[in-house]
Amino acid sequence: MTTLVMLGILLFGVMGYRLLPVSDLPNVDFPTILVSAGLPGASPETMASSIATPLEKQFSTIAGLDSMTSTNSLGSTQITLQFDLSRDIDAAAQDVQAAIARTGSQLPANMPSPPSYRKVNPADSPILYVALSSPALPLSTVDEYAETTIAQRISTISGVAQVQVFGSQKYAVRVQLDPKALASRSIGIDEVATAVQSGNVNLPTGTLYGNHQAFTVEANGQLTDAAVYRPLIVAYRNGSPIRLEELGRVIDSVENDKTASWYNNTRAVVLAIQRQPGTNTVEVVDSIKKLLPSFRAQMPASVNLDILYDRSASIRDSVNDVKFTLMLTVCLVVLVIFLFLRNLSATIIPSLALPMSIVGTFAAMYLLGYSLDNLSLMALTLSVGFVVDDAIVMLENIVRRMERGERGVEAALSGSREIGFTVVSMTISLAAVFIPVLFLGGIIGRLLHEFAVTIGIAVLVSGVVSLSLTPMLCSRFLRPLNERHHGRLYVTSEKLFDGMLRAYEWSLSRVLKHRLATMFVSGLVLLATIYLFVVIPKGFLPSEDNGQVFAVTEAAQGISFDSMAQHQQAVAAIIGADPNVASLMSSVTGGNAGRIFVRLKPRAERRLSADEVIEELRPKLAATPGIQVFMQNLPPISIGGQLTKSQYQFTLQGPDTRELYQSTPALVTKLRALPQLQDVTSDLQIENPQVNVEIDRDRAKALGITAQQIEEALFDAYGARQVSTIYAPNNEYRVIMELEPQYQMDPSALSLLYVRSSTGSLAPLSAVANLTRSLGPLSINHLGQLPAVTISFNLKPGVSLGEAVSAVDKIARVTLPSTITSSFQGTAQAFQSSLQGLGLLLFMAILVIYLVLGILYESFIHPLTILSGLPAAGFGALLTLLIFHKDLDLYAFVGVIMLVGIVKKNAIMMIDFALKAQRNDGKGAAEAIYQGCLIRFRPIMMTTMAALMGTLPIAIGFGAGAESRRPLGLAVVGGLLVSQLLTLFVTPVFYTYMETFQEGIGKWRLARQSPGSQVTVAEPPKP
């Protein structure tokens, strides 16, 4: 039966492994919705007041809304809604849609389209970037292939969530008018718009039904390109037609000519593909790549299709490296078992518990909807070191009985019966360590949930295997001691082990004679652990080299698009010349900001890590005049709905906008002086040059001109207004009207614009308005419904996030007035909450272990004895992190939690034997624990060395993503080394004190029950 059960576990485990999706991190699906609205030509103030504010008022009534941020720039509003992690994203989307519908009547009537929304996952970056370029074809043609042929087809692939387009160059007809030609012909700009609208129509025209045949009526009211718009008659003057081409230029152009993207140094259209949560990243990318040859066949040969970035490559490398680490760990653990047992058959038996436990875990992972990612594979790698512990303890006990002369089956039955409770205690208590993690909320809980469950399942499966498969194999394949012949290696190693045992026996006897000194040393270790926990630098998620770097560029406010494009290309040239860079994408989307996505060469082909590349490029880019560059190594998981110029965010908000805008620069100046920070900047941009059109209402009224006519004329001239639509078979295109470019370069050209009065005459704009220059906001941001400014910063090399957060918070408290509130956002906010949550998590883990052990041993005292080695483990972990200059980050803290479960195994083995010796043989506490330590010395050393070898490859750190796993490995290795040294001595001494205390409590209770009797309480033995 045991064989069949194990075969079943093996079969279903292999099937589960083949079906598990592959990703870099567990599925963390944030309920986040992005609402976008556009009004071409509208100022940031107009977008904030007329669009963002009405929408925000409606959104604030939606249940489960955690945070709401909005960014209002020229002609664009984006509102990010983040909901509670327990909120269903589809239900939230329905609420958002209903709120947008309720706000419709309050929004400007001239919006080209109503606000739209889409579900986004800010934690999930694109898995594939594809760039299309052509040296011969116009970009509008390339964009047609990108958006129509490729993007729509990719969107239908299973697992693809959406396809974003960077540098979109969608075709449009652009009517560029000459204000002088309009004035000389007495034509208002509104007449041109009306003529274009009436000249380009696409209406139903009906059907003719004859006696024998029906005819569809088709009219050519649709104008499809610039050439057929040019002869369009706008008006008649003196009996002669005035055609559109006489009033300016009509050209084939693009919808937004103030945006551009480059692939390396070539103008391109870039597609960024995102996957659906929970899907297999590698499979999705492979499915997309299979279509690329067919796409290339459908496009002209002059169109180049290049893969800019493939996220699956780094995932493959990282997962393969973790798999290699897993196999290496298995080999090291098996080697440890062999060195202690020096017998091949005895080595194979516990070694079989490893694959059975791991493979059995794959089946459970598939049923729970998990994936093969860095955290789950790291959990399995770590479990290798201690899932074998149960089998080792079982095997060692059976072997020890065979050495006493028992036969195979007899030794297996009696040995498993004797050690069974110990194995159950070790297994359940270790699995119970991770129970508090399952109740941890927020991003920390989402990240660690899969890790905790995976490692818990592996431990439970190993317990089942150790209690069934290991005794069965021992009874079949182990031979008694007198039937075995040992070689020279066995004899030599046996002498070495006997020497270690004698040394431990001698030192233990001395320690038991000086118990008070031992407890004093233990107290010092506890105090040192508390001190180290306070002073050690705290971090959140370790920096990881994913082969990519992200940069945000910022030029002077009010810079022109052409100048910004030149500065952007200068920055891209510097980055592209770096020998560590493979390729890059650069984009400018209007305004004074741009983005650069850099793909680095494979790690084996470059000498610097991603963080080192950033530090090397920093002084070179700082020397570029007229533009600032903020570079960051994007974390493996992004927290928060906004991507700022630097990695960490600190947000200020207050009801008084003037006070908020005055306080921010002062705080930024002080933060830039902090030695812990670099790249300190803010999104406060209120010095954008602007022209104020101050309407003289009295003069306008006298001329029969309204304020609405003036603003509509301005919108027609400078707002890139869509005046008509071209409907093609597979797409639709805009017809855009504006003034010729030379009349948009200087504010003085506004005086050339004419507005038609109610009498039919034209009046120059200068006759009804005064033109002045001033400064205004380039963007307006809200948090909730209040104005907000976000300060972002990066850390200098070697500085922990905890140090930076404390420094920023301290400066803000003494700088900001009381009316301005401040809070960290994104990763920094999650770090702050984790400091409280992780401390509580550690306390709960220890409490759960105490409860489980108390239930198993039916004692209040002995769980404390078993946990007495925890301070030594914590001291070793923290000291090791300090020595190797690593922060106590999320992964390292997981290592500390694991130590709680691992270290108590040694104490369980010793105390379990001592309790049985006291109860069954009547031995005293000191003698029982003394014998228990000596008899359990070999399994204790074996299990500790197995756990050490299981974690050592992670602590050494090699391969893709190894830098993020290394703090965990260092914490476990350091904790194991120190705790192994101290627990072998502290736990026996603590046990004797606890037994004495328990005896004293028992006698005190007896005395209370018999008050007339005289009871003499035995004094504890003197040290």
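User: Before we start, what does buried mean here?
Analyst: Buried means under 20% relative accessible area. The model under discussion is predicted.

User: Is N794 buried or exposed, then, and why?
Analyst: N794 has a relative accessibility of 6%, so this residue counts as buried.

User: Where is N794?
Analyst: N794 belongs to strand 30, which covers residues 786-795.

User: Which side chain does the side chain of N794 join in a polar contact?
Analyst: That of D679, through a polar contact of 2.9 Å.

User: And with which residues is N794 in contact, leaving aside neighbours within four places in sequence?
Analyst: With those neighbours set aside, N794 is in contact with M631, Q632, S646, Q647, Y648, Q676, L677, Q678 and D679.

User: Let us change topic to S186. Where does S186 lie?
Analyst: S186 is found in the loop that runs between helix 5 (179-184) and helix 6 (189-199).

User: What is the phi of S186?
Analyst: S186 has a positive phi, about 55°, although this residue is not a glycine.

User: How does S186 count in terms of accessibility?
Analyst: The relative accessibility of S186 is 33%, so S186 counts as partly exposed.

User: Now H885. What is its phi?
Analyst: The phi of H885 is positive, at about 55°, and H885 is not a glycine.

User: Where is the place of H885?
Analyst: H885 sits in the loop between helix 26 (870-883) and helix 27 (890-921).

User: Last one: is H885 buried or exposed, and why?
Analyst: H885 counts as exposed because its relative accessibility is 72%, and exposed means over 50%.

Definitions and conventions. Residues are numbered from 1 along each chain as its sequence is written. This is a predicted model: local features need pLDDT of at least 70, side-chain atom pairs count only at pLDDT 80 or more; totals for chains, interfaces and linings use all residues. Side-chain values use heavy atoms; hydrogens and water are left out. Helices (H or I, at least four residues) and strands (E, at least two) are DSSP runs, numbered from the N terminus. Buried means under 20% relative accessible area, exposed over 50%, partly exposed in between (1.4 Å probe, protein chains only). A polar contact is a pair of N or O atoms within 3.5 Å; within protein, one must be able to donate a hydrogen and the other to accept it, and residues adjacent in sequence count only if both atoms are side-chain atoms. Contact means heavy atoms within 4.5 Å.
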